[in-house]
Amino acid sequence: MSTLSISDVQIETDIDAYMADQGEYNATESLVTPQVLVNGISTTTSDSTSTSPVATAITSSSKLQTVTELCKASMQVGEVWYLVSRRWYKRWEKACSGQEDKEGILEEKDLGPVDNTSLVDVRGNLISSSVEGVDVQFVPKQVWDLFVTWYGQPLYPLPRNVIARGITQEPTLELHPPHLYAHLLLPDIPTDTSSPSSDHRHEIVVSSTDSVSALRQAILRTQFSTNSPEDGYRIWKVEDVPETQTYFTERQLRELGGSILEDSDKTVEEALIESGDHFILEVVKEGKWIVLDSEIPKSKESSPAPPSTQTTASTSGPIFSSNNNWLDKLQQKTSPSTRTFPSSSSLKPAAPIKTGSLLKDPRSSKGSKQVPGTLGLGNMGNTCFMNSAVQCLAHTQELAEYFLTGVFEDELNPENPLGMKGAIAEAFGSLLRRIWAPTTSSTSYSPRDFKQVLQRFAPQFSGYQQHDSQELVAFLLDGLHEDLNRVLKKPYVEKPDWEGGGDKELVALARHSWDGYMKRNDSVIVDLFQGVDYFDPFMYLTLPLPVHKKWKHTIFYVPWDLEKPHLKIPVEINRESSFKDLRNLLGRWMDTNPDHLLTLEVFSHRFYKNLDDSVLCSDMGENDMIVCYELPCNSQQSRAYKPKEDDPFIVPVYLCEAPGRQRATSYGSSSLNMFGQPFLMVVDPKEATSQEAVYDLVVERLPRWTTHVRDLFHWEAGSASAPMEEVTIPLTGATPMDSVTEINEDGEVVTVQEVVPEEGDITDQKGVVVQEERDDDMDTEDDTPRRVGYKKGLFNLRIMPGNAQYGVGYGGYGAGSNKFDSWEQRASSSEDGVLVRQGDAFCCEFDENMQAYYWGVKSAFEHATWNTWKEFIHPEQKAVRDAAADRKSRGITLQDCLDEFTKEEQLGEDDLWYCPRCKKHQQATKRFDLWSVPDVLVVHLKRFSNSRALRDKIDTFVDFPLHDLDLTSMVRERQVGERLSAEGEDIQALGLSDINEPLIYDLFAVDEHLGGLGGGHYRAYAYNYSDDKWYHFDDSYVSEARPESAVNANAYLLFYKRRTSRPLGGKTHEKVEAARSKIIEVPDATQPEPSSTIASQLPTPPSEENDSREMTGTNINGLIEFGRSRTDNWDASSTAQSSPGSVPPPLEEAEPPSFEESQNDEVLQTSLDPLQLSTQQFDFPNPGSGRGSPSSMQAEYDNDDVNDRDPLPEVEEFLMPSVTGIGTLHPASFSPRSVTHDDDFPGLPSLSEDELSDI
């Protein structure tokens, strides 16, 4: 397959072609560009006459500075920016900065060209899950040109246009420009289909902002590089083309159908052209077209939208038709027109009653058995997030019927500055009309028009990247609310504050808050979806999962007391925790002040990262070494710490090899060859005035890390009676030496004490000495050594200035430069005599002999203790592990998530709360409480976490109920109301009602997500209220499903509806009912009496071609109430929707009315001309088809009882259920036709026209 995509092997040619198509790039100009010097580097500008960028010999740091400055520029519409792999870009930053990280030093010569292989698929197309700052870096063209000059031509250049998105025309990078396919129409099948070159399709890449005219020219250029064909050409747009299709013949075009792509100034986006669409170029042959227009059926996408349940001359047809530009429609201000509405059941009148729906229609048009509400939505390129969200909202019965009755058109608020000029509401209503169309042969539909409006007002959903379905639901609910807000001018309302009091004051505050909110917000969304979370309204409830994934790590703990061993401590803490939380935990476990603890990352024998309060534990890798140091003073690591003048210096100390043993680097400086474990020392400003005192403080900390502790000190012989200075010997590591020795600077060992026998150990020696003392009972002078000071010259102590706090990053970017200050320089430059400064680090340089004696040979370090850590498991940690194991075996329920949501939380010192009463910030506790809950509850399970360095998904299974979700005990309003009622208060006067009715919810939809963060796939389960079945929606694929299947580990959004004795929706319900009642009118007295027919079945739906037919302002479907009867003389139980095969309700004992009397029934009245109705053709049912009566009863004959019936029922008895059950059709709407019954019902008669007329 030939292609004009930007990812072809011919890189440079394709880039030129791509940019030329966009009108953004000129291949000649790209080589002739003026040069502008930035930090000594020649870069390019847009109008030039010189050569391409040329860089002189510059340093790596200058390159880094130049690119950093150029990338700070803001994007401008019309520019071209490039995509660079974030992985490569970070390596480039490391190489140019000279940074040495855990992977070592990277030199610039080892980089190579920009490597974008991680961003593209096998075909070289950009993958959809790329995220800026995480996977990809955006750079302007000037930076890209510099990269190409410095490092060579990349294999996958990814140029992208900057286009204007949304109604605000925000400059946005078009990451996924549409990839389209162009074919040449062939008269016959080509003869070379077996060869690779037989692929006659061409892939072209355009911008969504290109005009259709430009697209036509691009398609034409795939076959004609210069002039257009002289005899003329036209372009067909076809749908549902197989991926394997490599050529098109006239026969295939006739089979698929299509529509002609007319020349237009519309953009590709406005023309609803999406990535993957196919176009066929037809050229005139011998003076005539290859195919005739009449031979090509129209494609599905070109067919008009199905009519709404109410249709007028001003609203008929799709709102996105080719003759009605959407932007023009937004500017029009049409006055409300008189409309009529269908009569149907929309809301539950009582808890046990299951009504039918506005659109329930068990009929099928000929050749179609599509059930309303089961229309699949085509995936237009990672739009599954939108499809699943729309299906869930579309199956919210009360919301759907609000749109389908046309009530929303009366409530459009295009002047609302917070809304979308009514566009979102109209687009959503049009889409619902298609989904719930009662007569359609289509099984799927691609909602391109809806997506176009969506991305116009929400550019974040533009393109073909995967998005969060919950974010879309939140946007739609908010957008629909503002578009349909009944408050035309919002007043200023000040939110009241809680000033204390009891339950009555709390109720008053809640009522005051809600009344103030309703002064600015009143819509169908408020009526259905709005609840109150402690006086803050919400449209959906985000619940945390109580099984937070724990951050598990081993912390290395170093006490300040040398007599205590250093430990390794396993910890488990929430991933959202910071290192401040970790220090608090360790302080509690180790019984020390957490402010005296200092957490640092150690890497390559140095302090690599300062793990202060701002660092999350989850930012650290699994193999990172985290060390917590205990200090005798405040560690100064807390963000809340305020420095003081007398603060001691906290100085990092590193062990390194002496000069002459260092390795050289390519950057012209020597790299310190460090070893061992770095540690910290605390230097008081008074002690910092003496070099010797500082040296002694360093040696004082060394006993923790070596087994040759005694050899760190000078010893002298002394009397046994003389007081002996204690020497701390570590509890860990090897056994101390048997003898006390003097170590000279040249490494010579001189014995001070008499040597014990070689075979003896320290225990034996001690026993011998004690025994001698007992035997001789005498004072032996000079037998016990006494410490007289620290040995000098063990190492050379050097000062390295200019480090970050605690010396982190030492040896890398931003750290010291390996330059040292001499003690003499410090003494001469210090005014107060203090030799130590902030940012200093100490290096202890050991020569080869000293290093071998105190620490061991370099490969083993057999005398060091830094590889020996005693494990410590706190009882609290063991309890956490046991609880996690128990929770895993028990599982998680939705109630657990609700409990986690309402759990009280202590706010930290850095998150203080401002108290309006005491007028200052206080450390407080936080708790979420549900004050009231809505009729339709959307529950968002917070499965995704997206911190700075962690993007993860919690796949834990959450068990949630299909029925009987009881929230009564969790709603604060109910609890307060019950207490006040028990105290004798009039709760009705306080505005509280229905406190005795339980808050029970039933599930009706689930939005699920499969896969990981940044990708995956969305699907939906939903209950179809028109046929009482559950369905699974996987984009365009729809199948019946068991409701239990919706309860799975992929569930992401849960949709619940309240079970109540009152109609749901409040004011919205009243408006919908009022809309239905408008079609019931008193008939004109002069209207001729209609002829007598039998109303025993719903009318056959008109064909799709006649869907938009208008009849006196009312569509014929408007007469039909699918789902229940409007008769008022039945009790409530008679309106319940029966399952197929159920027995109809008993009729009244009174004689049924005559036909003439029945004409005065209000439910049979209509203002329609009977001549109009008589032109309609209707089919009577086939009882053997398994479909029930169209009434709410769905009465069907029971096959099991058919033999028990009378062989020939009375005609009057047979007709009664039909006449009474339908209750909404004018008899004149039927033409006399014979009624036949299937052989499955041999006892039922066949009635001829004469028999019918006799009746």
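Me: Which residues form a negative surface patch?

Reply: In this predicted model, the negative surface patch consists of Glu645, Asp646, Asp684, Glu687 and Glu700. Asp and Glu count as negative.

Me: Why is Asp646 called exposed?

Reply: The relative accessible area of Asp646 is 58%. Exposed means over 50%, so Asp646 is classed as exposed. Asp646 is located in the loop between β25 (625-630) and β26 (649-657).

Me: How many aromatic pairs are found in the whole structure?

Reply: The search finds 39 aromatic pairs. One of them joins Tyr89 and Trp92, with 5.5 Å centre to centre and 40° between the planes. Centres must lie within 6.5 Å, and planes under 30 degrees apart count as stacked, over 60 as edge-to-face and the rest as tilted; therefore the Tyr89 and Trp92 pair is tilted. Both residues are buried.

Me: Why is the pair of Phe675 and Trp866 called tilted?

Reply: The ring centres of Phe675 and Trp866 are 6.4 Å apart and the planes stand at 55°, so this pair is tilted. Phe675 belongs to strand β29 (residues 674-683), and Trp866 to the loop between α20 (848-854) and β36 (870-871); the pair links distant parts of the chain, 191 residues apart.

Me: What makes Phe675 buried?

Reply: Buried means under 20% relative accessible area. Phe675 has 2% and is therefore buried. Trp866, with 7%, is likewise buried.

Me: Which residues do ring pairs link into a cluster with Phe675 and Trp866?

Reply: The cluster also contains Tyr695, Phe795, Phe846, Trp855 and Phe861.

Terms used. Residues are numbered from 1 along each chain as its sequence is written. This is a predicted model: local features need pLDDT of at least 70, side-chain atom pairs count only at pLDDT 80 or more; totals for chains, interfaces and linings use all residues. Side-chain values use heavy atoms; hydrogens and water are left out. Patches are made of residues with over 30% relative accessible area and no salt bridge: like charges are joined within 9 Å, nonpolar side chains (Val, Leu, Ile, Met, Phe, Trp, Tyr) within 5 Å. Accessible areas come from the Shrake-Rupley method with a 1.4 Å probe; for residues, only the protein chains shown count as cover. A salt bridge is a side-chain nitrogen of Lys or Arg within 4 Å of a carboxyl oxygen of Asp or Glu. The place of a charge is taken as NZ of Lys, CZ of Arg, CG of Asp or CD of Glu. Helices (H or I, at least four residues) and strands (E, at least two) are DSSP runs, numbered from the N terminus. Buried means under 20% relative accessible area, exposed over 50%, partly exposed in between (1.4 Å probe, protein chains only). Rings of Phe, Tyr and Trp (its six-membered ring) pair if their centres lie within 6.5 Å; planes under 30 degrees apart count as stacked, over 60 as edge-to-face and the rest as tilted.
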